Amino acid sequence: MSFLFSQSQPLQAIIIGANRGIGLGFVRHLLADSRIGTIYGTYRRPDRAQDLLQLAQSGGDRLIPVQLDVTQESELAQWSDRLGAQQQQLHLLINCVGVLHDGPDIQPEKSLRQIDGDRLLHYFQINSIPSVLLAKHLMPLFRHQQPSLFASISAKVGSIGDNHLGGWYGYRASKAALNMLMHTTAIEYARRCPQTCVVCLHPGTTDTDLSKPFQRNVPPGKLFPVEKTVAQLMQVIETRTLDDSGQFFSWDGQPLPW
């Protein structure tokens, strides 16, 4: 039996960045799983969350949309306080928020000539910092005796050991920083939330807005539909144990180098 699903009670889950792409795919997948109880799905802008909001209207009371900007610590603190006041426990969190490109001003750098301090900060503010803030403020909700898992969607290009091509400075560095922050979080969670496994996950190249400008270079069979990516990552999640906490896994379950 899976470590995470070894308990009989329904699991309480949070999907961060649930309004599109992989995040919305996780919401759809979890709604179809009877082992999952409440699902909190966060989004930042209502005009970009229509599919999530419509899903909540038609899906009963299991899906609770939450408007939340995870780059704003005060919002995270207020939300975690509200959940704590409801005596909620969390068993599964997946942070799917990330940015690779955002209009003409935010594009992956091909050389040092394109490095810009403000753009670098933007990458870190979205790709690196939210996960550790979530771990900070939601820690009390993971401090229980049921098996739990805290996952952050990272990227293979954030592996320093696997970097043989260069380029993409901001995206690579921000994902590498995410990996370090979550590896360090795993060490503290082992003491404070000892039933929680903390992992980073590489989803592979998925057919989303994030990858669209770069899909022509993807080898045949390696561009995954969202549904396949989610199914593969759920398989990885379901086969983790506490011994895996603090590690970085690919979509096929193979560990990735830091």
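I take a salt bridge to be a side-chain nitrogen of Lys or Arg within 4 Å of a carboxyl oxygen of Asp or Glu. The model I examined is a predicted one.

**Entry 1: salt bridges**

I looked up the salt bridges and found six in the structure.

I then examined Arg45 and Asp47, whose side chains pair at 2.7 Å, N to O. Arg45 is partly exposed at 31% relative accessibility, and Asp47 is partly exposed at 48%.

For Arg240 and Asp244 I recorded a salt bridge of 3.3 Å, N to O. Arg240 has 8% relative accessibility, so I class Arg240 as buried; Asp244, at 13%, is likewise buried.

**Entry 2: nonpolar cores**

I turned to the largest nonpolar core, which comprises 37 residues. Ile15, Phe26, Ile94, Leu201 and Ile237 have the most contacts inside this core. Among the elements that each supply at least two of its residues are strand S1 (11-16), helix H1 (21-31), strand S6 (196-202) and helix H7 (226-238).

I listed the contacts of Phe26, setting aside neighbours within four places in sequence. Phe26 touches Ile15, Ile94, Cys96, Ile153, Val230, Leu233, Met234 and Ile237.

I also noted a second, separate core of 28 residues, with Ile14, Ile16, Met182 and Phe248 among its members.

Conventions
Residues are numbered from 1 along each chain as its sequence is written. This is a predicted model: local features need pLDDT of at least 70, side-chain atom pairs count only at pLDDT 80 or more; totals for chains, interfaces and linings use all residues. Side-chain values use heavy atoms; hydrogens and water are left out. A nonpolar core is a set of buried Ala, Val, Leu, Ile, Met, Phe, Trp, Tyr and Cys residues joined through side-chain atoms within 4.5 Å. Buried means under 20% relative accessible area, exposed over 50%, partly exposed in between (1.4 Å probe, protein chains only). Helices (H or I, at least four residues) and strands (E, at least two) are DSSP runs, numbered from the N terminus. Contact means heavy atoms within 4.5 Å.
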